[in-house]
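Q: I'd like to take a close look at one part of this protein with you. Could you walk me through it, starting from the whole chain?

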Amino acid sequence: MPAARPHLLGLTRVELAARAVAWGFSPVHSATLWNELYLQGRRSPSEFTPHDRLPARYLDRVFAECDFDFPSIAKETHSSDGFTRKYLLGLRDAHRIETVLMRYSGRVTACVSSQVGCAMGCVFCATGQMGYTRHLTAAEIVAQALHVDAVLRATAPEAPTAAEPAHPSPHHRHERLRNVVFMGMGEPLHNYDAVMQAIDILRDPAGLALGAQKISVSTVGVVPGIRRLAAEKRPVHLAVSLHGATQEERAALVPAARKWRLDELMDACREYTATLGKRIFFEWTLIDGQNDGHAHARAVGELLKGIPAQVNLIPLNPTLGYAGEPTRPAGARAFQDVLATYGIPCTVRQRRGIDIAAGCGQLAID
Ligand code: SF4
């Protein structure tokens with residue numbers, strides 16, 4: 001089978017420079033090309049020609065050797081409060097993914113997908129209910145971040161006013177993308193190489209220049225991936241979806257836990273925190289009457305003893321394929337109170353974007 005053509009957005013700056021040299025061109029040209037891609041926002045080969053600083057011969061070779069396109073925007077929906085936008089993106093092979101732009105807690109964040117569908121099958125997750133189709137390429141991941149960045153740059157900032165609400169306005173302040181979370185469709189550590197290649201590209205200081213501390217990778221507990229993150233000392237944030245604090249309870253919600261058992265997962269988490277000296281964010285979907293009682297909270301406290309951790313509680317978001325109900329706010333607060341007795345910081349995730357099915361676990365391709 002012939003090797004797939006590289007995509008420009010899947011190449012690091014160093015890889016792009018190496019190609020320029022191999023083709024007999026100066027790396028200065030590849031540096032200019034990189035600038036055009038990541039700072040000037042070019043979106044197709046036709047936007048490069050004619051170019052005052054890039055020779056036509058170089059551009060001809062680049063586009064003869066590499067693909068360069070963006071997913072099409074099949075649908076765009078905005079939440080009623082204006083804080084969330086969801087994009088249904090069409091890929092070249094007609095598969096579709098979703099990307100979410102969130103403006104919460106004074107930050108703008110892109111929630112990107114890493115796969116078409118997901119193989120992990122978490123019972124309350126719309127993506128898991130779709131099943132797995134394929135991994136995304138690094139270029140398809142980078143394109144999602146660039147898309148959100150382009151949306152932000154196209155949004156004219158408004159000056160804050162005296163009448164500005166206490167919470168951040170959805171319409172001003174941020175003109176460039178600063179935060180990316182791998183919490184969209186798919187399990188990022190199941191597609192490790194492409195996700196890390198994309199992160200390297202997003203972090204490049206001559207491009208989007210995202211800080212490692214502004215990137216979060218969320219996993220349902222893919223133990224080999226967590227160990228690899230530790231071995232490679234990847235400085236991004238790690239979020240681990242727990243949802244159950246015993247093997248049986250967890251496996252009932254997260255089928256992947258049958259492959260990577262809870263004790264094995266916690267060993268990998270300890271290895272990660274010991275190696276990187278970083279805390280882990282543990283995600284806990286609160287399902288009314290199922291995993292939201294005092295005993296469950298105490299079990300979480302015991303499980304996380306000795307691990308630098310923060311727990312994020314996420315009241316269940318509705319999906320068509322799961323009948324559970326979210327824990328009410330008082331129940332979430334009680335859960336927090338129990339974790340506080342263990343000295344574990346714990347937040348309750350704001351429920352946003354639910355009206356456009358852009359909340360945690362709701363992404364599908366409708
Ligand atoms: S919650 Fe994450 S890992 Fe689980 S099925 Fe959904 S996308 Fe996959």
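Predicted model: local features only at pLDDT ≥ 70, side-chain atom pairs only at ≥ 80, totals over all residues.

How many helices and strands does the protein chain have? And once that's clear, please zoom in on helix α11 (residues 329-341).

A: The protein chain has 11 helices and 12 strands. Its radius of gyration is 21 Å, close to the 21 Å that the globule rule gives for 366 residues, so the chain is as compact as a globular protein of that length. Along the principal axes, the C-alpha atoms fill a box of roughly 70 × 50 × 35 Å. Of the 366 residues, 43% are buried. And if you take the contacts with a separation of 6 or more, 67% of them join residues 24 or more positions apart.

Now for α11. This helix runs over residues 329-341, which is 13 residues. From first C-alpha to last, α11 reaches 19 Å, close to the 18 Å expected at 1.5 Å a residue.

Next, check which way its residues face. A332, F335 and L339 are buried. These three cover an arc of only 60° around the axis, which puts them on the same side of α11. Turn to the other side of α11 and you'll find A330, D337 and T341, which are exposed.

Finally, have a look at what follows the helix: after α11 comes G343, with a positive phi near 75°.

Methods:
Residues numbered from 1 in each chain as written. Helix = DSSP H or I, 4+ residues; strand = E, 2+ residues; numbered from the N terminus. Rg over C-alpha atoms; globule rule 2.2 N^0.38 Å. Buried ≥ 20, exposed ≤ 12 C-beta atoms within 10 Å, placed from the backbone. Contact = placed C-beta atoms within 7 Å. Expected span 1.5 Å × (residues − 1). Arc of directions from axis to C-beta.
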